[in-house]
Amino acid sequence: MQRKTITMAGPLTALALLAGCAGMSGKDGAASGPAMPGVVGKGEVVATWYNPPSEFPGICMTQLKDGRLRFDGGFAFYNPGRWSYDAATAELSLQLAPTPSLELSHSQIVLHKNLLRIDGPKNTLVYGVKADTQAIGLGGFVFYRNMPCPARA
């Protein structure tokens, strides 16, 4: 009986260790790395960025704990996306679904609020984001931080 208990303890311990490591950050640091500064997340949502309606309907960009990035109300062609935050450099990276015009549409970095650089081959936009950053620019639209997004249908 003791032998069976010891034999079963090994695999159970391994499973417990794997479960504990599941939430730890890997090399990419996506979502499970350092928390975004100045965010008000709830549940699986780490942060929201919202472009309120004007001549176009409102667009919500949601950062989820597992590193997913989701667009609702517009920019659906950027789905599925991923995000990561590097606290050491205060850089928020948004990896978007491949779009042929990503680099072209963001080529004038100064027109896109807080955009630091574009990595075209990786379909990634990198923003400078600190605790006091109120907005970022994406695709010619300004997204305001922690502004509540309307409930999804």
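Student: What makes the nine strands an open sheet, and in what order do they stand?

Tutor: In this predicted model, the nine strands run in the order β6-β7-β5-β4-β3-β2-β1-β9-β8 with antiparallel pairing; strands here are DSSP runs (E, at least two residues; helices are H or I, at least four), numbered from the N terminus, and two of them pair if DSSP finds at least two bridges between them. β6 (115-119) and β8 stand at the edges with a single partner strand each, so one side of each is left without a neighbour in the sheet. Local features need pLDDT of at least 70 and side-chain atom pairs count only at pLDDT 80 or more, whereas totals for chains, interfaces and linings use all residues. Residues are numbered from 1 along each chain as its sequence is written, and side-chain values use heavy atoms, with hydrogens and water left out.

Student: How do you know that β8 and β9 pair?

Tutor: Four bridges join β8 to strand β9 (residues 141-145) in the antiparallel sense, and the definition asks for at least two, so the two strands count as paired. Phe141 in β9 is the bridge partner of Leu138, and the two strands form a hairpin with two residues between them, where Gly139 in the turn has a positive phi of about 60 degrees.

Student: Why is the contact between Glu91 and Arg117 called a salt bridge?

Tutor: A salt bridge is a side-chain nitrogen of Lys or Arg within 4 Å of a carboxyl oxygen of Asp or Glu; the N to O distance between Glu91 and Arg117 is 2.7 Å, so the pair qualifies. The pair links distant parts of the chain, Glu91 in strand β5 and Arg117 in strand β6, 26 residues apart.

Student: Why is Glu91 called buried, and what is Arg117 called at 40% relative accessibility?

Tutor: Buried means under 20% relative accessible area, exposed over 50%, and partly exposed in between (1.4 Å probe, protein chains only). Glu91 has 16% and therefore counts as buried, whereas Arg117, at 40%, counts as partly exposed. Glu91 is also the bridge partner, in β5, of Asp86.
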